[in-house]
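Have a look at the model first, then read on.

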Amino acid sequence: MSAQTKVRNVTVATLQRMKQEGEKFACLTAYDACFAGILCDAGVEVILIGDSLGMVLQGHDSTLPVTMDDMIYHTECVKRGNKNALLIADLPFMSYSSEVQTLENAASLMRAGGHMVKLEGGAWIANTTRLLAERGIPVCAHMGLTPQSINRIGGFFVQGRDTDQAQAILDEAKQLQDAGASVLLLECVPRALAKKITETVEIPVIGIGAGPDTTGQVMVLHDALGVSPITPRFVKNFLLDSSAGIPGAIKAYVEAVKTSAFPADEHCFD
């Protein structure tokens, strides 16, 4: 490939093709232009501008304090450094509680440079998902452990371990697909459940703490570089063994996802 050859942009259709062909894709969070460029150079297909910035950048103990202004600002920053990745931007806490609010806030993130918006929930966000999809806004539906609901859940606990809850998550995943979701994200669910959902739905599934069988994997960038104050079981420090610094660590993450070396058994929940 010559230096002048432009790498083709990753789109929703790209992820769908990868799902159909059994090819894994790598996703990482980024919050600024510099890291967005580094991630693209390392081969990361999807960049998530996550409300996780509330914890890793702002120092909060949850994602709840993050505002729309925060998300718009960081989406604009990542957009400037992006080269070819698909950008997913989080709709923060209580930013999609009404139809008008949802449309206005999702439109703001798309204008800021996002290619898709992510919102948390199960069956109750089906109508919201349909509303956005009908208006041309791709949706990533975040299921399982949903950090914006942390006060209701009572802590960062694995979801879907009992039979009834697992079946409910599977049923709701199908509902969200039927409502028009382009991608599902499963957080902290047993690997067997994530595998079943990935095999059942037709759309790509991104996992975090959900085992190796999902279409893609996502990590918070600060976790992958070992600089987060908290290290959940499902993360791995890829900088620890990198002799090529941060770019090398991110390339190692991409390679590990592509070959299904990550997540390994020690990063999964049964």
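Lys118 is buried, with a relative accessible area of 3% (buried means under 20%, exposed over 50%, partly exposed in between, using a 1.4 Å probe and protein chains only). Its side chain meets that of Asp90 in a salt bridge, 2.8 Å from N to O (a salt bridge is a side-chain nitrogen of Lys or Arg within 4 Å of a carboxyl oxygen of Asp or Glu). This pair ties together distant parts of the chain, with Asp90 in strand 3 (residues 86-90) and Lys118 in strand 4 (residues 116-120), 28 residues apart. Asp90 counts as buried too, at 3% relative accessibility.

A word on the source: this is a predicted model, where local features need pLDDT of at least 70 and side-chain atom pairs count only at pLDDT 80 or more, while totals for chains, interfaces and linings use all residues. Residues are numbered from 1 along each chain as its sequence is written, and side-chain values use heavy atoms, with hydrogens and water left out.

**Other salt bridges**

- The structure has nine salt bridges.
- Glu21 pairs with Arg17, their closest N and O atoms being 3.0 Å apart.
- Both Glu21 and Arg17 sit in helix 1 (residues 12-21), four residues apart, or about one turn of the helix (helices are DSSP runs of H or I with at least four residues, strands are E runs of at least two, and both are numbered from the N terminus).
- Glu21 is exposed at 54% relative accessible area, whereas Arg17 is partly exposed at 35%.
- Arg17 and Glu21 also belong to a network of salt bridges that links them with Glu23, Glu45 and Lys258.
- Glu134 forms a salt bridge with Arg135, with 3.7 Å between the closest N and O atoms.
- In that pair, Glu134 counts as exposed at 58% relative accessibility, and Arg135 as partly exposed at 46%.

- Most residues other than glycine have a negative phi, and most peptide bonds are trans.
- Cys188 isn't a glycine, yet has a positive phi of about 50°.
- You'll find Cys188 in the loop between strand 6 (183-187) and helix 9 (191-200), and it is buried at 4% relative accessibility.
- Ser260 is another non-glycine with a positive phi, this one about 65°.
- Ser260 lies in the segment after helix 11 and is partly exposed, at 35% relative accessibility.
- The peptide bond from Phe262 to Pro263 is cis, with omega near 0°.
- Pro263 is placed in the segment after helix 11 (245-258).
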